[in-house]
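Please keep the sequence and the structure in view while reading.

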Amino acid sequence: MSHLTSYIMGKWVQGEGEGRKIYHALTNETLYTVTTEGLPLADSLEYGRKVGGETLSALTFQQRGQMLKSLAKYLLEHKAHLYAISAQTGATKADSWVDIEGGIATLFSYSGLANRELPDDTIWPEDEMIPLSKQGQFIGRHILTSRRGVALHINAFNFPCWGMLEKLAPTWLAGMPAIIKPATASAQVTQAMVKLMVESGLVPEGAIQLVCGGVGNMFDYLDFEDVVTFTGSAATGQKLKSHPTIIAKSVPFTMEADSLNCAVLGNDVHPEQPEFALFIKEVVREMTAKAGQKCTAIRRVIVPKNQLENVKQALLKRLSSTTMGDPAVEGVRMGALINLEQRQDVQDKVDYLRQNGCEVLCGGQFNQLDIMGGDPKNGAFYPPTLLYCAEPFKHHAVHETEAFGPVATLMCYDNDDIQQAVQLAILGGGSLAGTLVTADPQVAQSVIRMSARAHGRMLILNEASALESTGHGSPLPLLVHGGPGRAGGGEELGGLRAVKHYMQRTAIQGSPSMLTSITKQWVRGADTVTDVVHPFRKHFEDLVIGDTLLTARRTVTEADITHFACLSGDHFYVHVDKIGAAQSLFGERIAHGYFVVSAAAGLFVDAGVGPVIANYGMENLRFIEPVKIGDTIQVRLTCKKKIKKRKNLLKIHQMAWLNGMCKSLIRTTLWWRYTVF
Ligand code: NAP
């Protein structure tokens with residue numbers, strides 16, 4: 001038995017005294033003692049803000065994204081060590097894979113987002129400029145800047161790696177340092193991963209600290225630029241959320257708490273349909289993966305009355321074949337709960353449900369177990385437990401009590417009243433994830449439209465989506481993880497949304513030139529720079545924001561339209577039929593929009609040999625006014641922003657251009673993106 005150290009202010013340190021204990025899930029052997037007694041926890045906040053915050057906030061989003069990618073690669077190379085420690089928590093290899101490699105995949109995912117979407121800058125202009133005046137010299141825009149506080153992440157025991165990384169990726173991308181406080185029961189796994197991060201040398205000093213044990217009086221020292229993110233039980237979360245400092249300093253507090261997630265079987269599904277088997281498989285997988293210790297696990301199984309018996313028999317059959325035991329033994333599919341204390345907690349919750357309208361269909365007791373290769377007395381094994389609630393509208397315990405183990409409750413609704421299924425789903429009081437299994441788009445439409453408001457994420461499973469479905473219980477980096485009400489009301493992941501939770505949004509107002517200077521993105525009305533050198537003859541480094549080219553003019557002729565129609569095959573009547581066009585809303589023939597765009601290229605391109613420019617598309621291309629025979633067009637090409645990118649070790653630079661097409665009548669705004677090698 002040894003002491004589990006914390007990483008505070010750049011050092012691995014040990015608290016004073018014995019503290020709490022961490023047990024082996026399979027043997028109940030004491031592995032570590034954990035305490036933060038006597039450690040400088042309050043100082044760690046200031047250290048994070050000063051040392052980590054200064055370095056991270058000075059890096060650009062692109063650099064932070066690159067850091068995430070390098071770190072993810074390093075962790076992947078050293079993952080074997082983490083699997084060995086994860087086994088102490090009773091996890092199977094598949095459970096550990098979700099935790100370790102699922103977490104690392106989140107780093108990769110956020111790194112990719114930064115590379116694709118975020119500027120090579122420290123501020124993030126969030127949306128387009130907002131005109132606020134008639135003359136266009138007073139405009140507004142929202143920008144996001146890094147909060148210069150520290151993010152305190154308080155995590156639950158069930159995913160010691162993923163739970164940390166899914167919060168770290170957006171935090172670091174936002175330019176904020178983090179202090180991780182893992183749940184004590186599995187803190188050794190988190191610590192092993194943090195050790196790897198520190199050893200990698202890839203994470204700036206002060207960007208990460210680890211508090212193994214209690215947080216002491218840290219909350220008293222939180223400040224307005226800090227952020228707290230909590231995952232765990234609703235009871236703990238609510239207590240922390242109402243801490244006086246959180247309230248007094250308006251410290252953002254994101255909470256992810258217990259959730260009574262449901263799976264609904266549509267009233268269109270019969271046992272002979274593939275959707276029936278999918279439903280059974282999904283429920284059993286959610287009950288047994290990670291021994292049911294998943295915040296997203298299915299706790300309530302809602303089925304039409306005429307399928308109750310079929311579902312019950314199918315679930316019982318599948319659950320009876322779940323092999324439980326020591327995950328090291330070949331053939332074991334379900335491991336143990338985290339420790340004996342947690343096993344007792346699950347037992348208490350099951351007993352409570354039994355006393356409140358639920359009967360046990362299988363499992364429900366841990367003292368008569370049939371396990372493979374484990375110690376049934378000292379290992380925290382709990383059997384897959386299916387309960388049945390005959391009156392789910394009467395007994396609310398089933399919608400409010402979370403047994404955090406392999407436990408779910410079956411309940412039914414009237415066959416011809418899908419609204420009842422929706423009501424049962426919503427009785428969960430807000431949950432992270434819900435699944436609907438149906439083959440009928442009408443059922444999907446009514447259930448999802450009526451119940452989405454009570455869920456953070458909903459999976460619609462049928463034969464088509466099942467082939468590639470990631471499953472009910474898997475939060476994905478690009479989709480929101482979080483849920484209303486009981487689930488905490490928080491929102492994590494969801495792509496770049498998550499990064500914004502760690503940044504401050506500020507509305508800035510002023511003249512276009514001022515806002516261009518601040519954001520390093522040209523906006524209409526700002527000063528431009530005209531140079532004798534054509535922008536396409538300049539290298540990326542030589543271009544400046546606002547570089548503008550005003551081209552020669554071209555008058556559109558009838559021959560242009562006829563030739564373009566032949567070349568493209570687009571003989572739409574408003575271009576080629578004089579009489580038809582006269583009767584149309586345009587009153588006469590007009591040029592093809594794509595001709596105008598092509599003619600624009602002919603005007604702004606410099607054809608000579610120079611730097612390689614690759615045009616890979618146009619965003620926000622609109623044809624908002626007609627160009628008629630005899631109209632004269634001219635192009636204004638302005639360098640709006642420059643995005644430096646890295647791809648396949650080649651430095652690729654990307655530029656976005658604002659292209660103003662001028663004619664007596666038309667002003668078409670085009671976004672042009674070019675890649676300069
Ligand atoms: P918990 O007992 O509420 O603990 C959660 C975290 O809070 C742990 O790190 C815990 O540290 C810490 N904590 C407890 N008291 C604290 C205090 N006074 N001050 C500061 N920190 C404190 O939950 P758990 O048993 O670890 O996790 C199981 C629960 O989490 C389940 O209810 C599950 O549904 C929920 N969960 C939700 C999500 C989600 O995303 N919604 C994800 C996973 C789990 P110690 O361990 O050191 O006490």
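What volume does the second largest pocket have? In this predicted model, the volume of the second largest pocket comes to about 1000 Å³, while the largest pocket holds about 1200 Å³ of space.

**The ligand and its shell**

- The ligand is surrounded by 26 residues, and the closest of these are Asn 155, Thr 184, Ser 233, Thr 236 and Glu 402.
- Sorted by class, the shell around the ligand is made up of 12 nonpolar, eight polar and six charged residues.
- At least two residues of this shell come from strand 12, which covers residues 227–231, and at least two come from helix 7, which covers residues 234–241.
- Helix 7 is the element that gives the most to the shell, contributing three residues.

- With Phe 157 the backbone is involved, as one of its polar backbone atoms is 3.3 Å from an oxygen atom of the ligand.
- The ligand taken alone would expose 910 Å², and the protein buries 83% of that area.

**The largest pocket**

- The space of about 1200 Å³ in the largest pocket is lined by 42 residues, of which Phe 157, Gly 232, Ser 233, Thr 236 and Gln 342 are the closest to its centre.
- The lining of the largest pocket divides by class into 17 nonpolar, 13 polar and 12 charged residues.

**The second largest pocket**

- In the second largest pocket, with its volume of about 1000 Å³, there are 37 lining residues, and those closest to the centre are Ala 94, Val 98, Arg 285, Ala 289 and Lys 294.
- Helix 4 (93–117) and helix 9 (274–288) each contribute at least two residues to the lining of this pocket, and the largest share, nine residues, belongs to helix 4.
- The residues that line the second largest pocket comprise 14 nonpolar, 13 polar and 10 charged ones.

**The cavities**

- Six cavities of 30 Å³ or more are counted in the model, and the largest cavity contains about 90 Å³ of space.
- The largest cavity is lined by 13 residues, and Asn 158, Trp 162, Gly 163, Glu 166 and Thr 231 are the closest to its centre.
- Helix 5, which runs over residues 162–173, supplies the largest share of this lining with four residues.
- By class, the lining of the largest cavity consists of four nonpolar, five polar and four charged residues.

Terms used. Residues numbered from 1 in each chain as written. Predicted model: local features only at pLDDT ≥ 70, side-chain atom pairs only at ≥ 80, totals over all residues. Heavy atoms only, no water. Near = heavy atom within 4 Å. Polar contact = N/O pair within 3.5 Å; in protein donor to acceptor, adjacent residues only side chain to side chain. Areas by Shrake-Rupley, 256 points an atom, 1.4 Å probe, with all protein chains shown as cover. Nonpolar A, V, L, I, M, F, W, Y, C, P; charged D, E, K, R; others polar. 1 Å grid on protein atoms, 1.4 Å probe; cavity = no way out; pocket = protein on both sides within 12 Å on 5 of 7 lines; lining within 4 Å. Points joined across faces, edges and corners; volume = space filled by probe spheres on them.
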